[in-house]
Amino acid sequence: MHDDQSNLRALLHAVIERLCQRYKLTLSLAFCLCLGSSSVHASHPDISLEAHVPKLSIADKNDKAFSSDGIDNSSTLSATTPTNTQPIENVANINGLAPTTLWQPELKEPSLYALLDAEFAADRGDRQRAITIYKQQAFKEDATAVFERALSLSLRTERVEKSLQFAKSWQDQNPDHVPAWFYVAHLALRAHDYLLAGETLNRILLYDPRADLSEILIGIYPNNDEDKRELLAALQPLDSEQNASLSVLKAGLLYQFNEPEIAIVHINRALERQPDYVPFITLKADILRKIVTAETVVNYVSQARLRNPDSKSLYLYEIRYLLDLKQSQEAWQLLLDAHGRFADDAEITLLAALVSLDIEEYNSADELLNMLAKNPAYLDQAYIILVSVPSVSSTLTKPNTILMVSC
C-alpha cells in the first residue's frame with residue numbers, strides 16, 4: 001500500500017509538472033487534480049474520515065482552460081472515479097455552494113465548527129450572521145454558555161424587545177434554568193413589559209424570597225410617570241417582605257408619588273436586611289424629610305454616620321442637609337471633621353474652603369485652598385478663589401469673594 005501511494009504521488013507530480021510546462025494551467029486545475037487524488041487516499045483505513053462526503057471538482061464557467069497568451073486550449077480534465085465513491089459533481093460557482101454546516105451530521109450538542117464560524121463572523125463585523133448562528137446553536141442540549149453569548153451579541157446589536165423574545169423562548173425550553181429567569185426579568189423591565197416582569201419576579205421570589213435582585217434592577221428605572229405607575233402596579237402584588245432589593249424599589253416609587261407613609265414601611269423592611277447599606281440609609285432620610293422634623297432627620301443621619309465612620313457619602317449628605325437648613329456653622333465643623341478623616345479628598349477640601357469663606361473663616365479657607373492647589377485637577381480653581389481671600393488680598397471684600405466663587 002505504501003509503495004502504491006508513493007508511485008501514485010510521483011505520477012501525479014510528473015503529470016502536473018508536464019501539463020504546467022505545456023499548457024501553463026491555472027491553480028484551479030491543479031486543485032482539481034489534488035481533489036481527485038484525495039478520493040484514492042480515502043481507501044486507506046487511517047484516512048477514510050471523508051469517505052461519505054461528496055467530492056467536488058470546480059470547473060471554469062465555460063468548462064475551458066486558457067493559456068497565458070490568450071489561446072483557447074479547450075482542454076478538459078478527466079479523472080477516473082473509483083467505483084466505491086460517489087461521482088464527482090461539477091459546480092459552476094463555488095459561492096453557490098450550500099454552507100458547509102449543512103453537510104455535517106445533525107448534533108444534539110452545539111457544533112464547534114458553527115461556533116467558530118460565528119466568532120469569525122463577529123470578528124469581521126458581521127454580527128447578524130454571528131447572532132443567527134449562535135441563536136440556532138443555543139437551542140441544542142447543554143448550550144447554556146452558547147445562550148449567554150448569543151444574548152450578549154443580541155443586546156449589542158438588536159433592540160431589547162428582540163433580545164427579550166429570544167431569552168423568553170430559550171427560558172421556555174429550559175424552564176429549570178434559574179439564571180434565565182433573571183435575564184428575562186431584567187429584559188422585560190427594560191422593554192417596559194411590566195406584566196411579564198412581575199410574573200418572572202414572582203417566580204424568582206417563590207424560589208428564593210431573599211434572592212439578590214440588584215443586578216436585575218440596574219438601569220431599568222423608568223423615566224416617565226406613566227411607566228413608573230405601571231412598574232409600581234406590577235410590583236405591588238409581589239411579596240417583598242423578605243427581599244431588600246424589591247422593598248427599596250417599591251419605596252423609591254412610592255416616595256416619588258408622594259406617598260411617604262407607605263414608602264417608609266418598605267424602606268424599613270430593606271434596612272432590616274441591610275441596616276448599614278448607605279443608599280438605603282439616604283433614601284430613608286429623603287423619605288423622613290417629608291414626614292418628620294428636620295432635627296429628627298439630622299439625628300437619624302448622624303447616628304448612621306457614626307455607625308459608618310468611613311462613609312464619605314453620609315458625611316456629604318449630612319453636610320449638605322445642614323447647609324439647606326442654613327446651619328452653616330454646624331456644616332463647617334462637620335466639614336473640618338470630614339477633612340481630617342479624608343485628608344486627600346479634593347472634593348471635601350474644596351467644599352470646606354468654600355464654606356469657610358461663607359462664614360468668614362478666612363484663615364481656614366486660605367490654608368485649605370493652598371492644600372487644594374497641590375492637586376493639578378483643582379489648581380486653577382484654587383488660585384481663582386485664593387486671590388479673593390482677604391488674608392491674601394486685603395483690597396477685596398466679601399461680595400467680591402462670592403462673585404469669584406460663583407464664577
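Q: How many salt bridges does the structure hold, and what makes a pair a salt bridge?
A: The structure holds 14 salt bridges. A salt bridge requires a side-chain nitrogen of Lys or Arg within 4 Å of a carboxyl oxygen of Asp or Glu. This is a predicted model, in which local features need pLDDT of at least 70 and side-chain atom pairs count only at pLDDT 80 or more, whereas totals for chains, interfaces and linings use all residues. Residues are numbered from 1 along each chain as its sequence is written, and side-chain values use heavy atoms, with hydrogens and water left out.

Q: Why is the pair E158 and K135 called a salt bridge?
A: The side chains of E158 and K135 meet at 2.9 Å, N to O, and the limit is 4 Å, so the pair qualifies. E158 lies in the loop between α5 (144–157) and α6 (160–173) and K135 in helix α4 (residues 127–138), so the pair ties together parts 23 residues apart in sequence.

Q: Why is α14 called roughly antiparallel to α15?
A: Helix α14 (residues 294–307) and helix α15 (residues 312–324) pack at an angle of about 160°, with axes 9 Å apart. Angles over 145 degrees count as roughly antiparallel, so α14 is roughly antiparallel to α15.

Q: Which residues of α14 and α15 meet?
A: In α14, A294, V297, V298, V301, S302, A304 and R305 meet L314, Y315, Y317, E318, Y321 and L322 of α15, where contact means heavy atoms within 4.5 Å.

Terms used. Axes are lines fitted to C-alpha atoms, for helices over the stretch in contact, and angles run from 0 to 180 degrees between N-to-C directions. Helices (H or I, at least four residues) and strands (E, at least two) are DSSP runs, numbered from the N terminus. Angles under 35 degrees count as roughly parallel, over 145 as roughly antiparallel, 65 to 115 as roughly perpendicular and the rest as oblique.
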